[in-house]
Amino acid sequence: MRNLGTPDEPYDLIGLGFGPSNVALAIAVQEIAPDRRCLFLERSPDMRWHEGMLIDGTRMQISFLKDLVSLRNLTSPFTFLQYEKAKGRLEKFVNLAEFRPTRLEFQDYLRWVAAQFADLVRYHSAVRAVTPVRDDDGALSLFRVTATDTTTGEVVEYHARNLVHALGGVPRVPEAVTLGPTVLHSSAFLPTVPRTFTDHDREWEFAVAGDGQSAGEIAHYFLDRYRNSRVHLILPGYSLRATDNNPFANEQYFEANADDFSSRREENRRAWAASLRNTNYGVVEEGFLDDLYRLTYADEVRGRTRLQVHGDSKVTRAGADGAGIRIGVESRFGGESQVLRADGLVLATGYRRRLDPTMYHDVLPYLETDGDGRPVVSRDHRVRATEELTCGLYVQGFAEATHGLGDTLLSLLPFRSKQIITAIAKDGGSLARAFPPARPDAGPDAATLGALIDRCGSGTLVSACPGEFPVATRLPLVLDRHRGRNGVLFGVLDRTDPQLPLLDGGKVLAVFQPDAAPPGEPQAGDPMSIDVRGCARLVTDRDRLVAHLARVGPPDRGPAARAGGSVGIEIEIEGLSGRFPLSPEPRAARAESERQP
Ligand SMILES: Cc1cc2nc3c(=O)[nH]c(=O)nc-3n(C[C@H](O)[C@H](O)[C@H](O)COP(=O)(O)OP(=O)(O)OC[C@H]3O[C@@H](n4cnc5c(N)ncnc54)[C@H](O)[C@@H]3O)c2cc1C
């Protein structure tokens, strides 16, 4: 094997973590850009998927067709059905007539895929630090990743032009809770509980905190397997609630709708996320709730109550003492707090997702963050950075606020992995160099430039990916100010245009050259050329295309759409600037030549 990963011969990309997100990326690299050199670092000894909660019989919350690749490439050798075939169970699986496999089987599928990329993964590699490295030109063009071999303790360094961070979440645990073998987070459930509570007949007192699927499954596990136990379920709401699985709400996990979500303004996104929250958070599957209720009813028939629900409550502190565990429980409505005594407490309180400030200590100063301190992530999942940081940091599962509730789940992995590898392949690792952000002092403000773009109506679109065959095409472009952080340019192209695939997912430059204002109309400044930099995305879904056109109207801007056979192109604006003054003569001459057919 070649010695890669040195500053002189860096990887094109290093994936941090090898959970489902980066396994999907490994597939996408092989299928879309096989010439890219990549490596994945994973701290576990092999591929594992939330194995602390692989309780027997628990099922996936999505269809097997939402595997790592099918929705992007049905002919891929890495689909769930290919896995069934390879395992000799395809006909039996079909016979089951089951859309949602068990989690155990899904993990087996993930491991089967991961095994086929074994030469690209360093297991037992715990990532400790990420540092930008300055090149001779003064740019921070490489990342150095420092990882520790968890078996030998050896520290290893790797270099790459791009990183794809997919390290998952960190268990959310209240500050005043001391973890141990009897006080644990759900992520440690199976490796700990059966070993700690070996007597299945004893009258254990268990407590479970949380109101999501994991809390429901753990409460059920205790009641079912410890026949004489009592379970205190401590939850923030009035009672457990069912997941909203209705197919209309579920459409939010479609690729096109996720795109739509991320192009909305922040207040709009917040409202949508809140109204769709019960499709994933703080809810338990309806059928599973029925099972749990039946179990408690059977207890009542036997004359005992074993499940005790403490609604509107939260755990404030917990720790073991000689006699068991003391759990501080506080009412949400300011009622009296109480102390529960139990033998075991499981916190099914979910996960926090953020870039670890220790790991990213040297990188954070270069990253753009929002008002809540989260990294600002572009639609192709790249973290926005200062001009100086020209190497690319991509994140998977760390942009729920801007990319929608599907961001931490499995449904969108086939599409997201494609977007990331397409961006990396097209940018060649120098996106920020190709598109330095507009400086605030670069000229007229965005409103003035927007008014000039409106007046132009059409612009010239130029692809700007280093090392690629350049594409230039002139087309009508409308500025939609209500979407994206800086607005979105929208245009329509003919579906048969051979240049279309070259523009999809790539960085583009739209150049507008407005004429002087007609006599009698106010001139919005000196004549100038306007450069708009952004990321292009094709809109192939006709309903979406029509919806976009309706929004940006007027209708005469989209004649091709009405004629059918057309495709929309939208460019989320990353920066725009005016170049002026231009001498009137050459500008006038150019404007004339542009009117030629
Ligand atoms: C119990 C449970 C069930 C779920 N079921 C579903 C479901 O049915 N459908 C669905 O859509 N979603 C489900 N989810 C959501 C879940 O987040 C996704 O399924 C998926 O795990 C996200 O994949 P990921 O690769 O982004 O993160 P993870 O799966 O969390 O993988 C992160 C990887 O990074 C590794 N890692 C972490 N830190 C380091 C480090 N410092 N160095 C090296 N490696 C590191 C970890 O070992 C891990 O392998 C479930 C979540 C849980 C907890």
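**Notebook: strands, ligand shell, cavities**

I started with Val329 and found that its bridge partner in E16 is Gln338. The model I am reading is a predicted one.

I then looked up the pairing around that bridge. Strand E15, residues 324-331, runs antiparallel to E16, and the two are joined over five bridges. I noted for reference that strands of a sheet pair through backbone hydrogen bonds, either parallel or antiparallel.

Next I asked in what order the strands of this open sheet lie. I read the order as E9-E14-E15-E16, four strands with mixed pairing. The edges are strand E9 (176-177) and strand E16 (338-342), and each of them pairs on one side only.

Strand E5 covers residues 140-149 and strand E6 covers residues 155-160, with six bridges between them. Within this pair I found Ala147 opposite Val156 in E6. The hairpin of E5 and E6 has five residues between the strands.

I moved to the ligand. Which residues of its surroundings are closest? I listed Ser21, Glu42, Gln61, Val127 and Leu410 as the closest among the 27 residues that surround the ligand. By class, I counted 14 nonpolar, nine polar and four charged residues in this shell.

I asked which elements supply at least two residues of the shell. Helix H1 (20-32) and strand E4 (125-134) each do. E4 gives the most, with three residues.

At Pro20, a polar backbone atom is 3.2 Å from an oxygen atom of the ligand.

Rolling a probe the size of a water molecule over the atoms shows where empty space is left. How many cavities of 30 Å³ or more does a search of the whole structure find? I got two. The largest cavity holds about 160 Å³ of space.

I listed the lining of the largest cavity as 13 residues. Ala258, Asp259, His381, Leu412 and Gln419 lie nearest its centre. By class, I recorded three nonpolar, five polar and five charged residues in this lining.

I checked where the lining comes from. Helix H8 (255-262) and helix H12 (413-427) each supply at least two of its residues. H8 gives the most to the lining, with four residues.

Note on methods. Residues numbered from 1 in each chain as written. Predicted model: local features only at pLDDT ≥ 70, side-chain atom pairs only at ≥ 80, totals over all residues. Heavy atoms only, no water. Near = heavy atom within 4 Å. Polar contact = N/O pair within 3.5 Å; in protein donor to acceptor, adjacent residues only side chain to side chain. Nonpolar A, V, L, I, M, F, W, Y, C, P; charged D, E, K, R; others polar. 1 Å grid on protein atoms, 1.4 Å probe; cavity = no way out; pocket = protein on both sides within 12 Å on 5 of 7 lines; lining within 4 Å. Points joined across faces, edges and corners; volume = space filled by probe spheres on them. Pairing = 2+ DSSP bridges.
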